[in-house]
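Student: I have a structure to go through with you. Can we take it piece by piece?
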Amino acid sequence: MDDQITTSVFDAYCKRVIRNELSDCVKQWKRWRRFEAMVGTAVEDVPVLDAYPSEALMIEVNGYGCIVSSERLFHALLNLPLLQQQIIIMSAWEGMSDYQIAPIVGRPRRTITYQRNQGIKALKMLLRSVDGGVGIPDDS
């Protein structure tokens, strides 16, 4: 009797999983169709920008590196002081927190936060000066 109950419970579970998967597929298909209607073309016909690693620029500071595809951003990063470069690379590209960065660079966490914020402000200023402020929102 227990085998029969176990089998029927398992069968019900399998049917529920299959039904939910079918529902998810139908929802995904409808989302794609709505997107195609919004764009006005089939998703397969949307052009894709090819990115080649040879066209990217690499910055490496103390073993931590980042690949930058924007030449403007690359030069702006190079114009920052070394400490700010380190902190921004470890924070933005490596995903490290201020607590993780502090012992690596040998500075207190509050200094890391301050230097990161100063570096970001400097990057904004450098990028604004290069392109006349187009595309960079003001903090005010």
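Student: Which residues does Q86 touch, not counting residues up to four places away in sequence?

Tutor: Q86 touches V61, N62 and V105, where contact means heavy atoms within 4.5 Å. One caution: this is a predicted model, in which local features need pLDDT of at least 70 and side-chain atom pairs count only at pLDDT 80 or more, while totals for chains, interfaces and linings use all residues. Residues are numbered from 1 along each chain as its sequence is written, and side-chain values use heavy atoms, with hydrogens and water left out.

Student: Where does Q86 lie, and is Q86 buried or exposed?

Tutor: Q86 lies in helix 3. Q86 counts as buried, at 9% relative accessibility. Buried means under 20% relative accessible area, exposed over 50%, and partly exposed in between, with a 1.4 Å probe and protein chains only.

Student: Back up a bit. How many helices and strands does the protein chain have?

Tutor: The protein chain has five helices and two strands, and from the N terminus on the order is α-β-β-α-α-α-α. Helices (H or I, at least four residues) and strands (E, at least two) are DSSP runs, numbered from the N terminus.

Student: What share of the protein chain do buried residues make up?

Tutor: Of the 140 residues in the protein chain, 23% are buried. The accessible surface of the protein chain is about 10,600 Å², and 58% of that belongs to carbon and sulfur atoms. Those areas come from the Shrake-Rupley method with a 1.4 Å probe; for residues, only the protein chains shown count as cover.

Student: Which residues make up the largest nonpolar core?

Tutor: Twelve residues: I59, V61, C66, V68, F74, A76, L77, L80, I88, I89, L123 and L127. A nonpolar core is a set of buried Ala, Val, Leu, Ile, Met, Phe, Trp, Tyr and Cys residues joined through side-chain atoms within 4.5 Å. At least two residues of this core come from each of strand 1 (57-61), strand 2 (64-68), helix 2 (71-78), helix 3 (82-93) and helix 5 (109-131). Helix 2 gives the most to this core, with three residues.

Student: Which residues of helix 2 are buried?

Tutor: F74, A76 and L77 are the buried residues of helix 2. They sit on the same side of helix 2, because they cover an arc of only 165° around the axis. The arc is that of the directions from the helix axis to the C-beta atoms.

Student: And L78, what is L78 in contact with, leaving aside neighbours within four places in sequence?

Tutor: L78 is in contact with I59 and Q85. L78 lies in helix 2 and is partly exposed, with a relative accessible area of 42%. L78 and I59 are 19 residues apart in sequence, and their C-alpha atoms are 8.2 Å apart in space.

Student: Changing topic: how many salt bridges does the count come to?

Tutor: One, where a salt bridge is a side-chain nitrogen of Lys or Arg within 4 Å of a carboxyl oxygen of Asp or Glu. D98 forms a salt bridge with R116, and the closest N and O atoms are 2.4 Å apart. This pair links distant parts of the chain, with D98 in helix 4 and R116 in helix 5, 18 residues apart.

Student: Is D98 buried or exposed? And R116, buried or exposed?

Tutor: D98 is buried, with a relative accessible area of 12%. R116 is buried as well, at 17%. Leaving aside neighbours within four places in sequence, R116 is in contact with I87, I88, S91 and D98.

Student: Which residues of helix 4 are buried?

Tutor: In helix 4 (residues 98-105), D98, I101, A102 and V105 are buried. They cover an arc of only 110° around the axis, so they are on the same side of helix 4. On the other side of helix 4, Y99 and P103 are exposed. Just after helix 4, G106 takes a positive phi of about 75°.
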